[in-house]
Amino acid sequence: MSLDLGPPLRAAFLDQQDPALQALAAAIIGELDQYQGQPAVFAFRPVPEDAGDLIILINPDSSIGNADALRSRRPIVTRDIAIYGRKGTPGDVSDQSPVVEALGYQVRDLFHLQKFAVQPAGYSVIDIVATGPVPAPVDDDGEVGRVVSLTIRLRRNP
Amino acid sequence: MAVDWNAPEIVAKVRRGALKGVMTGIGIVEARAVYLITQTTKTGRTYRRRGKKHQSSAPGEPFASDTGDTLNRRNITLDAARIRATLNFHSQNAARMEHGTRKMRPRPFARRALAETSTQVQDAVLGEIIGELSKK
């Protein structure tokens with residue numbers, strides 16, 4: 001039982017269990033570059049140099065709050081999902097901005113009010129609220145990014 | 001027994017109390033954010049800039065204030081009609097720290113401040129509403 005949502009969030013893309021979301025997850029990872037034979041979904045930094053341009057990066061917890069009761073533990077976890085790509089001349093095929101933008105909305109759809117999208121061991125998801133996509137900070141002008149913030153309310157299983 | 005129910009007045013009092021509570025609450029969140037940035041222990045690398053030693057934050061910790069620019073460029077906006085207050089940090093550095101970049105791990109402070117004070121904020125709003133309703 002772990003409150004580390006990195007692995008289950010990564011699995012939400014690569015091994016989605018909710019049949020209603022599998023097509024969407026497949027469409028998202030189908031757009032991404034490949035890294036070592038896998039879609040480029042990372043839950044760690046630094047991202048490998050050869051990871052490709054179009055990637056999804058799952059941030060560590062931004063905050064952990066709680067709505068605990070006397071006999072139940074109900075963590076509230078905030079996590080960012082960032083999508084990065086290469087920025088080019090608008091309209092040029094090398095410009096991944098439109099793809100990044102579209103992926104931002106798809107990531108939002110994958111999680112927003114989709115309580116079965118994420119299945120952490122030992123916890124039940126009460127609900128997930130996604131905000132964004134909004135522009136993500138980038139390291140240089142050659143990058144474009146969008147970030148979707150997830151607020152995930154959990155209940156620890158008895 | 002007769003009960004007079006003056007709905008418009010009750011609603012007005014609740015709105016007034018909620019607005020006061022939100023104004024108090026955003027101050028609580030702001031104070032917590034400033035505390036996280038300026039007062040919590042940082043364990044990143046140390047370096048010298050203009051002869052002054054600076055202790056940076058490690059990934060995951062609220063960022064360490066250096067020039068104070070990010071803190072100085074914050075403000076609070078109030079939307080009374082929607083009973084909403086917003087704490088804004090108007091610097092690129094704030095977003096970089098909160099969300100990280102492809103290469104840099106985040107140093108979240110804003111949502112952490114909100115998460116750590118949410119109960120206090122709720123209490124403040126509730127307290128102000130009760131206060132307004134208790135007035136004759």
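Two strands pair if DSSP finds at least two bridges between them. Helices (H or I, at least four residues) and strands (E, at least two) are DSSP runs, numbered from the N terminus. This is a predicted model: local features need pLDDT of at least 70, side-chain atom pairs count only at pLDDT 80 or more, and totals for chains, interfaces and linings use all residues. Residues are numbered from 1 along each chain as its sequence is written, while chains are lettered from A and ligands numbered from 1 in the order in which they are written.

**View 1. The predictor's scores for the complex and for chain B.** The complex receives an ipTM of 0.86 from the predictor. Its pTM is 0.86.

**View 2. An open sheet of 5 strands in chain A.** The strand order is S3-S4-S5-S7-S6, and the pairing is mixed. Strand S3 (41-42) and strand S6 (123-135) of chain A form the edges. Each of these edge strands pairs on one side only. S3(A) runs parallel to strand S4 (residues 55-66) of chain A, joined by 2 bridges. Across this pair, A:Val41 stands opposite A:Ile56 in S4(A). Helix H1 (residues 6-14) of chain A packs on the sheet. This helix touches S3, S4 and strand S5 (75-86) of chain A. The direction of the helix makes about 140 degrees with that of S4(A). Here two residues are in contact if their C-beta atoms, placed from the backbone, lie within 7 Å.

**View 3. Antiparallel pairs on both sides of S7(A).** Strands of a sheet pair through backbone hydrogen bonds, either parallel or antiparallel. S5(A) pairs with strand S7 (residues 143-156) of chain A over 11 bridges, in the antiparallel sense. In this pair, A:Asp80 stands opposite A:Ser149 in S7(A). S6(A) is also antiparallel to S7(A), and 10 bridges join the two. Here A:Ile128 has A:Ile152 in S7(A) as its bridge partner.

**View 4. H1(A) packs against helix H2 (residues 19-31) of chain A.** Their axes (lines fitted to C-alpha atoms, for helices over the stretch in contact) lie 7 Å apart. The angle is about 90 degrees, where angles run from 0 to 180 degrees between N-to-C directions. The two helices are therefore roughly perpendicular to each other. Angles under 35 degrees count as roughly parallel, over 145 as roughly antiparallel, 65 to 115 as roughly perpendicular and the rest as oblique. From H1(A) come A:Ala12, A:Phe13 and A:Leu14. They meet A:Ala25, A:Ile28 and A:Ile29 of H2(A). This contact has 6 nonpolar residues, with no polar and no charged ones. Ala, Val, Leu, Ile, Met, Phe, Trp, Tyr, Cys and Pro count as nonpolar, Asp, Glu, Lys and Arg as charged, and the others, Gly among them, as polar.

**View 5. H2(A) packs against helix H3 (residues 97-111) of chain A.** These axes are 10 Å apart, at an angle of about 155 degrees. H2(A) and H3(A) are therefore roughly antiparallel to each other. H2(A) brings A:Leu21, A:Leu24, A:Ala25, A:Ala27, A:Ile28 and A:Glu31 to the contact. H3(A) brings A:Val99, A:Leu103, A:Gln106, A:Val107, A:Asp109 and A:Leu110. By class, the contact residues are 9 nonpolar, 1 polar and 2 charged.

**View 6. Two helices of chain B cross.** Helix H1 (residues 7-38) of chain B meets helix H4 (residues 110-134) of chain B. Their axes come within 7 Å and cross at roughly 150 degrees. H1(B) and H4(B) are therefore roughly antiparallel to each other. Their contact holds 15 nonpolar, 8 polar and 8 charged residues.

**View 7. Chain A meets chain B.** Chain A gives 21 residues to the contact, and chain B gives 16 residues. On the chain A side, S4, S5 and S7 are the elements that give two or more residues. S4(A) gives the most, with 7 residues. By class, the chain A side has 12 nonpolar, 5 polar and 4 charged residues.

**View 8. Backbone details in chain A.** A:Arg45 and A:Pro46 are joined by a cis peptide bond, with omega about 0 degrees. A:Pro46 sits in the loop between S3 and S4 of chain A. Another cis peptide bond runs from A:Gly132 to A:Pro133, with omega near 15 degrees. A:Pro133 lies in strand S6 of chain A. A:Gln36 is not a glycine, yet has a positive phi of about 50 degrees. A:Gln36 belongs to the loop between strand S1 (34-35) and strand S2 (38-39) of chain A.

Definitions and conventions: pLDDT is the predictor's confidence in each residue, from 0 to 100.
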